[in-house]
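Here are my notes on the model you passed along.

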Amino acid sequence: SEANIMGAAVGMALAGLRPVVEMRVVDFALCAMDEIVNQAAKNRFMFGGQGRVPLVARLPIGIWSASAAQHSQSLEAWFAHLPGVAVVCPATPQDNFSLFHAALESGDPVIYMEHKALWSLQAEVDEGVVVPLGRAHTLRQGHDLTIVTWSRGVGACLQALELDSLRGMSIDLIDLRTLWPWDQSAVFESASRTGRLLVVHEAVQVAGFGAEVAARAAEETGCRVARLGAPRIPVGYAQVLEDESRLSPQKIAAAVHKILTTTPETPQ
C-alpha cells in the first residue's frame, strides 16, 4: 500500500498538516515513486507556491544483514537528483534527533534516510542542539587528505583512521549529514587546503552522489579526487557476497593509501 500511504500524506500536507510517512525501508518506497517524484516534489513549483508539501518521508537506506538484494539498497543519489526535496542522511543519535526536528520544521518535502544498520545505535542526546539542513560536521582535522562521507560511512571511516596503517596520517573527515542541500563551502575549503579528496559511501559507486561531490570539488578547487563505493552488483544474501558490497575499514584504508601515494600522470 505504499502508493496509497504516500498519496494520502501528500494530501494531508497540502491540507495543512505535517505528516511523517513511514516506508520502513527505501526499497519499499519504489512502489510510491510517482507520489514522491511527480506530486510531493513538484507541487510547490507547478502551482506557483499556492500549495506546500511539508512532509517527512522515512526511507531508510543501506545493507540490512542477510536481507539480500531487495532490502539492502542505498538509493540516496536518486533523491538528491530530484528537484524539490531535501535529502537527509544522519549518522549519529544526536544528528538523528536534531536533523529530524529540522526536517519537521521544513516547509518542503524531506527524504529522511537513516541507515538500517544504525537503528540499534544508542546514545544520550542534547535536545537543545540545533542542526540546520545543509551544514556538514567536521569530525577530524588534517592537511594531507579530505574524506567526505555520510550515514554508515562515518563510523566505517572513523574505524579506518584507527588502523595501524593510517596512524599518523593527517586527514580531514567530513560528515555531510544532508545530501541536499550539501555543505559545499565546508568541502571546498578543506579540499583546497589538502589538495586531495576521497568520497566514501556504501551506495553503488557508479553514478553515486560521491560523483557529484568529487566533480564539484574538482571544478572549484582543482584538487585530486577519488571515490570509494560498492561495485555495481545487487547485494548478495550469502555473507561472502554481501561483504563485496559492504564498506570496511580495510577498504577505506586501501583507498586512502592509493590517493596519497599515486602520482598523477603528466599530460603528454
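1. How much space lies in the largest cavity? About 50 Å³. A cavity here is a set of points on a 1 Å grid over the protein atoms alone where a 1.4 Å probe fits but cannot get out. The volume is the space filled by probe spheres set on those points, with points joined across faces, edges and corners. Searching the whole structure turns up 1 cavity of 30 Å³ or more.

2. Some ground rules before you go further. This is a predicted model, in which local features need pLDDT of at least 70 and side-chain atom pairs count only at pLDDT 80 or more, while totals for chains, interfaces and linings use all residues. Residues are numbered from 1 along each chain as its sequence is written, and side-chain values use heavy atoms, with hydrogens and water left out.

3. By class that gives 2 nonpolar, 5 polar and 3 charged residues; Ala, Val, Leu, Ile, Met, Phe, Trp, Tyr, Cys and Pro count as nonpolar, Asp, Glu, Lys and Arg as charged, and the others, Gly among them, as polar. At least two lining residues come from each of α6 and β9. Element names follow DSSP runs numbered from the N terminus: helices are H or I with at least four residues, strands are E with at least two.

4. Now the largest pocket, with about 440 Å³ of space. A pocket is an open set of points with protein on both sides within 12 Å along at least five of seven lines, and lining residues, for pockets and cavities, have an atom within 4 Å of a point. The lining has 24 residues, and Q73, S74, L75, A203 and V204 lie nearest the centre. Two or more lining residues each come from α4 (76–80) and β9 (196–204).

5. On to the sheets. One is open, with 5 strands in the order β5-β7-β6-β9-β10 and mixed pairing; two strands pair if DSSP finds at least two bridges between them. β5 (137–140) and β10 (224–230) each have a single partner strand, so one side of each has no neighbour in the sheet. β5 runs antiparallel to β7 (residues 171–175), joined by 3 bridges, and R140 sits opposite L173 in β7.

6. The other 5-strand open sheet reads β1-β2-β4-β3-β8, again with mixed pairing. Its edge strands are β1 (20–22) and β8 (178–180), each pairing on one side only. β2 (residues 56–58) and β4 (residues 110–112) are parallel over 3 bridges, and V56 has V110 in β4 as its bridge partner.

7. Helix α6 (residues 152–161) deserves a look. It lies across β5, β6 (145–149), β7 and β9, at about 160° to β7. Angles run from 0 to 180 degrees between N-to-C directions, using axes fitted to C-alpha atoms, for helices over the stretch in contact; contact means heavy atoms within 4.5 Å.

8. α5 (residues 93–105) lies across β1, β2, β3 (86–88), β4 and β8, at about 160° to β4. In α2 (residues 33–40), the buried residues are M33, E35, I36 and A40; their cover includes α1 (2–14), α3, α4 and β4.

How values were computed:
Buried means under 20% relative accessible area, exposed over 50%, partly exposed in between (1.4 Å probe, protein chains only).
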